[in-house]
Amino acid sequence: MRITGGKLKGRNIKCPDGIIRPAMDRMRESVFAIIGNLEGKSWLDLFSGSGTVAIEAASRGAKSVQLCEKDRIKIKTILDNVSITEKELDVKIGCHFMAVELFLKRCKDTFDFIFFDPPFPYKYRLDLLKTVDKNNLLTPNGTVLIHYPEEDALPDRIGSLVLKDKRIYGRSIVNFYQKTSENS
């Protein structure tokens, strides 16, 4: 896996042992191009795997980056990848090793961007989005991105989260939900 943009563009990232489904380079590059400038923004990477998406956000200028992964097999690789990144970019990436569902319930921070990349068999995507909305984890006009398989479906609106964009990458889809001030 490699970083597709920013200060660490082209850098290879270690892949951990165990089951991993890394976000495709093409998809990642496209998503970050759609988002644009991350300078000064905050980023949360959930179901982090190797930490590549969090590292990509830091490489592209995000000032505050956190990640969450529950698979203990991946901890060493994530910490190695993050350590190298922190030294080169002079940025701190917060690492949380627990179930995403628990992290979201306990989290008191807000983020400009939250990226979900759960395993494709995962069936609780909608519940996660509802938790983000209910617990007010996004800044005003913040964006949630969720990667999922084409055979699944998600609504256009979840509380104050409104679908603003949808991109298709093979059998993968990424929805972009933006937080609005209105709630329905």
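In the predicted model, Ile55, Ala58 and Ser59 of helix 2 meet Asn81, Val82, Thr85 and Leu89 of helix 3, where contact means heavy atoms within 4.5 Å. Sorted by class, this contact of helix 2 with helix 3 has four nonpolar, three polar and no charged residues. Ala, Val, Leu, Ile, Met, Phe, Trp, Tyr, Cys and Pro count as nonpolar, Asp, Glu, Lys and Arg as charged, and the others, Gly among them, as polar. The axes of helix 2 and helix 3 (residues 75-89) come within 10 Å and cross at roughly 5 degrees. Helix 2 is therefore roughly parallel to helix 3; angles under 35 degrees count as roughly parallel, over 145 as roughly antiparallel, 65 to 115 as roughly perpendicular and the rest as oblique. Axes are lines fitted to C-alpha atoms, for helices over the stretch in contact, and angles run from 0 to 180 degrees between N-to-C directions. Helices (H or I, at least four residues) and strands (E, at least two) are DSSP runs, numbered from the N terminus.

Residues are numbered from 1 along each chain as its sequence is written, and side-chain values use heavy atoms, with hydrogens and water left out. As the model is a predicted one, local features need pLDDT of at least 70 and side-chain atom pairs count only at pLDDT 80 or more, while totals for chains, interfaces and linings use all residues.

An open sheet is formed by eight strands in the order 3-2-1-4-5-8-7-6, with mixed pairing. Its edge strands are strand 3 (93-96) and strand 6, each of which pairs on one side only. Two strands pair if DSSP finds at least two bridges between them. Strands of a sheet pair through backbone hydrogen bonds, either parallel or antiparallel.

The parallel sense is found for strand 1 (residues 42-46) and strand 2 (residues 64-68), which pair over five bridges; Leu44 has Gln66 of strand 2 as its bridge partner. Helix 2 (residues 52-59) packs on the sheet and touches strand 1, strand 2, strand 3 and strand 4, its direction making about 165 degrees with that of strand 1. Helix 1 (residues 25-35) lies across strand 1, strand 4 (111-116), strand 5 (138-149), strand 7 and strand 8, and runs at about 140 degrees to strand 7.

Strand 7 takes part in two hairpins. With strand 6 (residues 157-158), strand 7 (residues 161-169) pairs in the antiparallel sense over two bridges, and Arg157 has Val162 as its partner. Two residues lie between strand 6 and strand 7, and Gly159 in the turn has a positive phi of about 60 degrees. Strand 7 and strand 8 (residues 172-179) run antiparallel and are joined by eight bridges, with Ile168 opposite Ile173. This hairpin also has two residues between the strands, and Gly170 takes a positive phi near 65 degrees.

Ten salt bridges are present, each a side-chain nitrogen of Lys or Arg within 4 Å of a carboxyl oxygen of Asp or Glu. In the one formed by Arg11 and Glu88, the closest N and O atoms are 2.5 Å apart. Arg11 lies in the segment before helix 1 and Glu88 in helix 3, so the pair ties together parts that are 77 residues apart in sequence. Arg11 is partly exposed at 30% relative accessible area, as is Glu88 at 44%; buried means under 20%, exposed over 50% and partly exposed in between (1.4 Å probe, protein chains only). Another salt bridge joins Glu86 and Lys92 (3.7 Å, N to O).
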